[in-house]
Each structure stands twice: as structure tokens, then as C-alpha cells.
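Here are my notes for you, as promised. Open the model beside them and find each residue as you read.

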Amino acid sequence: MTNGEVRRSSRVLVAEFIAGIGEGNKFTKLDLNRAIPFYAQNDRRMRDLRECGWVIDNYKVNPSLAPDEYLVRRIGVRIDLGERPPKPARKTVGGAKRRRILERDGHVCAICGVPAGEPFPDAPGRRAVLTIGHLIPVARGGTDDENNLRAECQRCGDESRDNTLDPPTTDFVLTRARNIRSRKEKKRLFAWMVARRKDPDDTELVFLDWCRLPHSEQLRVMQEFGRQVLADDEG
Ligand SMILES: [Zn+2]
């Protein structure tokens with residue numbers, strides 16, 4: 001048996017096992033390892049299934065689970081029954097829908113808050129170009145429904161595409177938001193939620209303005225300001 005055959009068949013076995021557990025039910029790592037002989041590959045096989053639209057929570061995305069527990073939230077493409085994963089229909093969203101999403105998201109990246117056409121705060125030489133991205137990637141069953149779309153700059157879009165984790169659960173986000181210690185930070189987060197964007201704070205705004213000065217003026221401000229920063233350190 002070649003490696004390829006082992007990989008294919010273990011993936012099908014893992015799919016069969018998890019489909020047998022059923023949506024809404026839990027299993028443990030031990031259950032899985034007992035059921036499938038190729039257990040060294042089981043984590044990778046579950047990642048493969050997520051690419052096929054299966055939603056399997058672990059303790060990282062679902063704080064109610066123990067570290068060795070998994071929850072079957074959705075059974076995706078039944079590769080164990082010979083179904084084939086769908087090819088992504090279209091990669092880009094255009095036309096009127098694209099304009100509506102950009103308008104709704106205020107022409108800023110919904111992830112980092114950089115406005116369209118503005119330089120990145122940490123990389124002034126690069127300017128943000130917004131595209132429309134999917135919250136749940138198309139490859140994992142995400143649709144072109146407007147609820148699943150958001151404005152993304154080229155950097156966040158790239159990072160999202162590299163991210164193979166499933167989106168967080170509602171409980172996970174709410175728990176983390178509630179656990180923020182400082183009341184001031186909580187209020188800030190709430191304001192971002194209401195505005196659906198991360199407003200740059202005063203320091204970032206000053207920096208963005210500084211980026212728009214001619215180079216010689218940038219140097220002047222940097223030197224003057226630098227003197228004050230150093231003086232503050234000494235005093
Ligand atoms: Zn961004």
C-alpha cells in the first residue's frame with residue numbers, strides 16, 4: 001500500500017467515524033484513536049474534513065469542551081460515501097454587491113480598520129486596497145450571502161486565506177469580550193462593534209497625518225518630536 005492510499009483511506013475512515021457520531025454529538029480523541037488505526041494522522045484528517053465543509057469544534061474554539069473533546073457541529077461533504085468536495089464557484093465578488101459591502105463596511109478593512117487607499121500605520125509605503133472576502137471561506141461551505149462577506153485589505157485578506165482554523169464560536173467571542181479587565185477597553189471595543197470598524201485611536205491618527213507630510217517635513221517633525229521624547233525620558 002502506498003502512502004497516498006493510506007492517506008485517502010484514513011481520511012474516509014475519519015469521515016465515516018465522525019458522520020456516525022452525528023451532528024450535535026461529542027467524541028473524544030481516544031474514541032477516534034480507538035476507531036481509526038492511522039491515529040498519527042487523525043488531526044490532519046480532521047483538518048481535511050474542515051476543508052470539505054465539516055464543522056468540528058475543539059476546545060480552542062468552544063470553551064465548553066474539554067481539551068480532548070470534539071463536537072460535531074456540521075457534517076459536510078460525505079467523502080466517505082464518494083461525494084466530491086465542491087469547487088469554489090467564484091473567487092471574487094463584484095458589481096453592485098461589491099459596492100454595497102464596501103459602503104456597509106465604511107470603505108475600511110473590517111479586520112484591521114485601515115481605510116481604502118490609506119497607508120498602513122505600520123508600513124507607510126504600502127497603501128490599502130480593499131477586496132471583498134468571505135468570513136467562512138467558499139471551500140468550507142461559505143456562501144456569497146452578504147452576511148458572509150466583508151471588506152478586507154490585501155494584508156488581512158492574505159492572512160485570512162492562510163488561516164485554516166474555523167471561525168470562533170459566539171460563546172468564545174462573548175466570553176473573551178467579557179473577560180477584558182479594563183472598563184475603558186471594554187467601552188472601546190463596544191464602540192468598535194457599533195461602528196463595525198476599529199477606529200484608529202488618536203496616536204494612530206497623528207501617525208497617519210504624519211505619513212501624509214512631504215518627506216522633508218516628516219524628518220523635521222520626527223527630529224523635533226524625538227527631542228521631546230528623549231527629554232521626557234530624562235526628566
Ligand atoms: Zn486589514
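Let's settle one term before anything else: buried means under 20% relative accessible area, exposed means over 50%, and partly exposed is in between (1.4 Å probe, protein chains only). Keep in mind that this is a predicted model, where local features need pLDDT of at least 70 and side-chain atom pairs count only at pLDDT 80 or more, while totals for chains, interfaces and linings use all residues. Residues are numbered from 1 along each chain as its sequence is written, and side-chain values use heavy atoms, with hydrogens and water left out.

1. **The zinc site.** Start with the metal. C109, C112, C153 and C156 each give their SG atom to the zinc ion, at 2.3 to 2.4 Å. A donor here is an N, O or S atom within 2.8 Å of the metal (3.2 Å for Na, K and Ca), and since water is not among the atoms, sites may look incomplete. The angles among the four donor atoms run from 105 to 116°, and the site is tetrahedral. For four donors, that label asks that all angles lie between 85 and 135 degrees.

2. **How the zinc donors sit in the chain.** Read along the sequence and the donors of the zinc ion show the spacing C-x2-C-x40-C-x2-C. C112 is in the loop between α4 (95–104) and β4 (119–120), and C156 is in helix α5 (residues 154–162), so this pair ties together parts 44 residues apart in sequence. Helices (H or I, at least four residues) and strands (E, at least two) are DSSP runs, numbered from the N terminus. C112 is partly exposed at 27% relative accessibility, whereas C156 is buried at 7%.

3. How far apart in space are A116 and E152? Their C-alpha atoms are 9.4 Å apart, although the two residues are 36 apart in sequence.

4. **The aromatic rings.** Searching the whole structure turns up three aromatic pairs. Rings of Phe, Tyr and Trp (its six-membered ring) pair if their centres lie within 6.5 Å; planes under 30 degrees apart count as stacked, over 60 as edge-to-face, and the rest as tilted. F17 and F27 have ring centres 5.5 Å apart and planes at 90°, so they are edge-to-face. F17 belongs to helix α1 (residues 3–21) and F27 to strand β1 (residues 26–28), so the pair joins parts 10 residues apart in sequence. F17 is buried at 17% relative accessible area, and F27 is buried at 1%.

5. **The next ring along.** F27 also pairs with Y70, and this pair is stacked, with 5.2 Å centre to centre and 20° between the planes. Here strand β1 is linked with strand β3 (residues 69–74), with F27 and Y70 43 residues apart. Y70 is buried too, at 6% relative accessibility.

6. **Salt bridges.** The whole structure holds nine salt bridges. The term means a side-chain nitrogen of Lys or Arg within 4 Å of a carboxyl oxygen of Asp or Glu. One of them joins D57 and R73 at 2.9 Å, N to O. D57 is in strand β2 (residues 55–57) and R73 in strand β3, 16 residues apart.

7. **A bridge within a helix.** R188 and E185 also form a salt bridge, with the closest N and O atoms 3.2 Å apart. Both sit in helix α7 (residues 183–195), and because they are three residues apart, about one helical turn separates them. R188 is partly exposed at 29%, and so is E185 at 33%.

8. **Another bridge to look up.** D105 and R104 meet in a salt bridge of 3.0 Å, N to O. D105 is buried at 4%, but R104 is partly exposed at 35%.

Methods:
Tetrahedral: all angles 85-135°; square planar, octahedral: opposite > 155°, others 65-115°.
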